[in-house]
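Open your viewer and keep the selection panel handy.

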Amino acid sequence: MSASHVIIGDGIAGSSAAETIREEDPDADITVITEEGEALYNRILIKEFAKGKLPEAPISIHEEDWYAERDIDLELNTVVTEVDTDAKEVHTYDGDTYEYDKLLVATGGTPTQLPVDNADAEGIHHFWTFQDARAIRESAEEADTGIVVGAGLLGIDLAAICGAQDVEANYLMRGNCWWRYALTEDGAEIIHEALEENGVTPVFDSGVDHFTTDDDGHVTGAVDPNGEEFDGEFVGVAIGLNFNTEFLEGSGLELDDGIVTDEYMQTNVEDVYAAGDITRFYDTILGEQAQNGAWGSAKEQGAVAGKNMVADAEEEEFRWVSSYSITHFDFPFLSFGHPTIGDEYAERKYSDSEWRRIAFKDGKVVGGVLIGDLAPQSKFKQLIREEREVGDQKEVLLEQSVDLDKLDASAEVESE
Ligand SMILES: Cc1cc2nc3c(=O)[nH]c(=O)nc-3n(C[C@H](O)[C@H](O)[C@H](O)COP(=O)(O)OP(=O)(O)OC[C@H]3O[C@@H](n4cnc5c(N)ncnc54)[C@H](O)[C@@H]3O)c2cc1C
């Protein structure tokens, strides 16, 4: 008899696992449970919908038929409240029970709210689901003034939405530059200028002390920790994610700001796997636990978990260099690998719209940021995968056109 597979989460990780399991085992029972009311859609594209640049249809990836055609049970609007790993059961808010032989948890995260007064006022938006995008689009279309909080990869989407929707916005940031953990002022300057050109004003050394509201409880603005006041009928907050693990309390799964897995996406509990944003997986390249919050990585982890859930053997390993691009401006932007964990960095500005920063750890490239010219990305990714010690050859890596043949031949190739 084929095994029964239950997958919690129908994001790209859960859905790609379901697809892989079906490819590997035509007879497997597969159930995908999601609290959302719609099947898999392209989370990357919902920002283009919120900008008003795309209709709904192209954002959907799978219609419900897609699951039916593959004999996969899709349970929409179903919230998992408990996992009993002894009885191998999943319990839902509606009181239903799903029994499993193999379980995949691919539940991602939920945006964090600012811990300040009026943080839940009407008109204050967080951005993760298609439903959020619909509300953001409607609210931004009606607003003249806006405030964006969160100087990272999701915050900049909210800023770009303000720009596209003609909302005159202030982008409140802690510190003196956008994404200060991965960029320095030299590179961030390119982003700041592009924001200004889009009608969004970066405000540095700022943040939110509290939001102000009108008598109806709708947001009217924010006061920053310096006492400065900003008007905003529309507010977008993107300060991070809380991983969706509450329902795993008492399950015995090892949690550490996410679910801890090995390189096979297996948790510490037998027959339970995890994939996608929620994992703190063993990164075979870094040789330590790591996290990725990116579409491509979540898709690959889902596929790896799916294979291993069927194979009954630890045969497929997750080994991946993640990347994340931003397409809001008239120059390209790409972050790759782990750009914030370096113990050393090298950077260069080539022009008003071209900049590069490379992160090294123990002499090896572990990540970086490219602005303006993405051509070297495949070479940097290759160096990461090969775990080559090139930290003493930064000049070669900073040349505008990177030629790996110029690297000292003695640079050690440790694997592959
Ligand atoms: C606006 C936006 C723009 C982005 N842009 C990019 C980009 O340009 N490039 C890039 O690489 N990445 C981007 N990302 C990140 C990328 O979308 C995520 O890394 C990826 O979607 C994670 O997939 P996942 O399957 O792990 O989790 P998710 O997509 O979060 O899916 C998790 C699913 O689990 C469900 N769930 C959670 N808890 C429960 C429960 N208790 N019961 C039932 N179901 C539950 C959720 O409802 C959700 O459907 C963006 C994200 C957003 C929000």
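Select residues 4–284, whose end C-alpha atoms lie 30 Å apart. This span is 22% helix and 28% strand, where helices (H or I, at least four residues) and strands (E, at least two) are DSSP runs numbered from the N terminus. UniProt, in an unreviewed entry, places the feature "domain: FAD/NAD(P)-binding" on residues 4–284; its positions are given in the numbering used here, feature names are shortened, and annotations may be inferred rather than shown by experiment.

Before moving on, note that this is a predicted model: local features need pLDDT of at least 70, side-chain atom pairs count only at pLDDT 80 or more, and totals for chains, interfaces and linings use all residues. Residues are numbered from 1 along each chain as its sequence is written.

Next, colour by domain. The assignment gives domain 1 (4–110 + 241–311), domain 2 (113–237) and domain 3 (331–406), with bounds from an automatic or database domain assignment. The centres of domain 2 and domain 3, taken over C-alpha atoms, are separated by 30 Å. Their contact (C-beta atoms, placed from the backbone, within 7 Å) takes 7 residues from domain 2 and 10 residues from domain 3.

Now show the ligand. Which residues come nearest to the ligand? Of the 34 around it, they are Gly9, Gly11, Ala13, Gly108 and Gly276; a residue counts as near if its C-beta atom, placed from the backbone, lies within 6 Å. Domain 1 and domain 2 each give at least three residues to this shell. By class, the shell has 17 nonpolar, 10 polar and 7 charged residues. Here Ala, Val, Leu, Ile, Met, Phe, Trp, Tyr, Cys and Pro count as nonpolar, Asp, Glu, Lys and Arg as charged, and the others, Gly among them, as polar.

Then pick Phe127, in the loop between strand 9 (124–125) and helix 4 (130–142). Is Phe127 buried or exposed? Phe127 is buried because 22 other C-beta atoms lie within 10 Å; buried means 20 or more, exposed 12 or fewer, and partly exposed in between, with C-beta atoms placed from the backbone. Leaving out residues up to four places away in sequence, Phe127 touches residues including Pro111, Ile136, Leu158 and Ala238. Phe127 and Ala238 are 111 residues apart in sequence, yet 7.0 Å apart C-alpha to C-alpha.

Finish at strand 24 (residues 344–351) and strand 25 (residues 354–361), which run antiparallel and are joined by 7 bridges; pairing takes at least two DSSP bridges. The two strands form a hairpin with 2 residues between them. Click Tyr345 to find its bridge partner in strand 25, Ala359.

Methods. Contact = placed C-beta atoms within 7 Å.
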